[in-house]
Amino acid sequence: MTRQPTRRPKIALALSGGGPLGAIYEVGALCALQESLNGIDFTQLQHYVGVSAGGFIAAGLANGITPRQLCASFIENDNEPSETFDPSWLLAPAYGEFARRAIQLPSLFVSALWHLSAGRQSFVHALERLGPALPTGLFSNEQIDVELGRLFSQDGRTNDFRQLKTQLTLVATNLDSGEAVPFGRPGWDHVPISKAVQASSALPGLFPPVEIEGSYYVDGALKKTMHASVALDQGMDLMLCLNPLVPFDATASAVPKVMQRGLSAEHHHIPHIVDGGLPAVLSQTFRSMIHSRMVLGIKQYERNYPKTDIILIEPDHRDPELYLANTFSYAQRRHLAEHAYQQTRQMLRSRKTGLSAKLWRHGITLHHDALDDPTRHLCAPAKAPTQVGQAIATLQEIMVDLGHIVNSAAHKEKNTW
């Protein structure tokens, strides 16, 4: 095994989007990682890259807010009011946007009527002239800027990129040019962090574009899913990537409950995605598009940055828990965060051989006592498994671990040839 480094390794963290569900997954996963990895502090990394909902988590970590504190603020809501961020704020209708568009409706209606009659245009063409009166978003995202500005104004924190002790990049997309904009990098670091998070998470159709200095910005995931290259270009030794959205594989068997060591006791079965109607079809389509881009991006990162170890962490594609979630329910938020926490612990156990080798090179080791403790939980006490169930779960994790080793060796041999 390669000797541990004598200098402090340069470690970066990239967090992709996924709405409130993505943020919940990332909080749960980060809590599991923080307590399961020795030699790493997730509030003292060299670079944080956040896209969409991942920007909120990245900004918190860069401000010294620990994963557990993020859980208390975002999941549990058991902090002081000034420390709480409630995702239900995101459901406020965009009344301002509705009003601005409604003002245009009379003149647009007259124009459409004139072109329909005197202009001899078809009804469809005339109807298209009413398009500018349609709102660009259903819900207001202004509260993101307000509440994060308040959260980052607490002692020891800052809403100014330039005053951070580390590097933070929040990526949004310029709506008029389609280009990615890295808020936090030189030339873009004067924009408040809270405003950058608002812009990066402005999913078109759901939230209106965010105006900053005369330009309009929307979700950073429109250009890329991860944007990890912002940090990789600075010569990182280790790049940790968290991606919360994966397409659900309804054809695969559900994750065996005996494997899950404290995950939900319920068993969900989804025979066909189409059974869930249009929302389920759209969700699966969106997840597949986002994930395919991310997979291609990771492969490109590995080719372009061979000296950097890249570790991707994401949910199990066979697990329906996150796919069926209602993220705005308080009880569901706690349940899903716990689920992400336990699932990440399970992933670390099942990939411990391959991960240990990568992490060791950067002075990081697995905390086996924490990983193997079946009583650990994030939000609610987990029911301890039986001895037989725990033995089967351990055996399953060993088999998965061996599978990763075999696949890794085969991949290296293929690249050699």
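Helices here are DSSP runs of H or I with at least four residues, and strands are E runs of at least two, both numbered from the N terminus. By that rule, Cys31 belongs to helix α1. This is a predicted model, where local features need pLDDT of at least 70 and side-chain atom pairs count only at pLDDT 80 or more, while totals for chains, interfaces and linings use all residues. Residues are numbered from 1 along each chain as its sequence is written, and side-chain values use heavy atoms, with hydrogens and water left out.

**Confidence**
- The average pLDDT (the predictor's confidence in each residue, from 0 to 100) is 83 for the protein, and 78% of the residues score at least 70.
- Residues 256-267 have a pLDDT below 50, and this stretch has 35 contacts beyond near neighbours in sequence, a contact being heavy atoms within 4.5 Å.
- Residues 382-402 also have a pLDDT below 50, with 27 contacts beyond near neighbours in sequence.
- A friendly caution: where pLDDT is low, the predicted coordinates should not be read in detail.

**Two residues to look up**
- Cys31 has 2% relative accessibility, so it counts as buried (under 20% relative accessible area; exposed is over 50% and partly exposed in between, with a 1.4 Å probe and protein chains only).
- Leaving aside neighbours within four places in sequence, Cys31 touches Pro67, Arg68, Cys71, Tyr341 and Leu378.
- From Cys31 to Thr344 the C-alpha distance is 9.2 Å, although 313 residues separate them in sequence.
- His367 sits in the loop between β10 (365-366) and α12 (368-371), and its 25% relative accessibility makes His367 partly exposed.
- Setting aside neighbours within four places in sequence, His367 is in contact with Glu35, Ser36, Leu37 and Asn38.

**Helix α9**
- Buried residues of α9 include Ala280, Gln284, Arg287 and Ile290.
- Among the elements covering the buried residues of α9 are α1 (19-36) and β9 (309-313).

**Helices α6 and α7**
- Helix α6 (residues 142-151) packs against helix α7 (residues 193-200) at about 150 degrees, with axes 8 Å apart (lines fitted to C-alpha atoms over the stretch in contact, angles running from 0 to 180 degrees between N-to-C directions).
- That makes α6 roughly antiparallel to α7 (over 145 degrees; under 35 is roughly parallel, 65 to 115 roughly perpendicular and the rest oblique).
- The contact involves residues including Leu148 of α6 and Val197 of α7.
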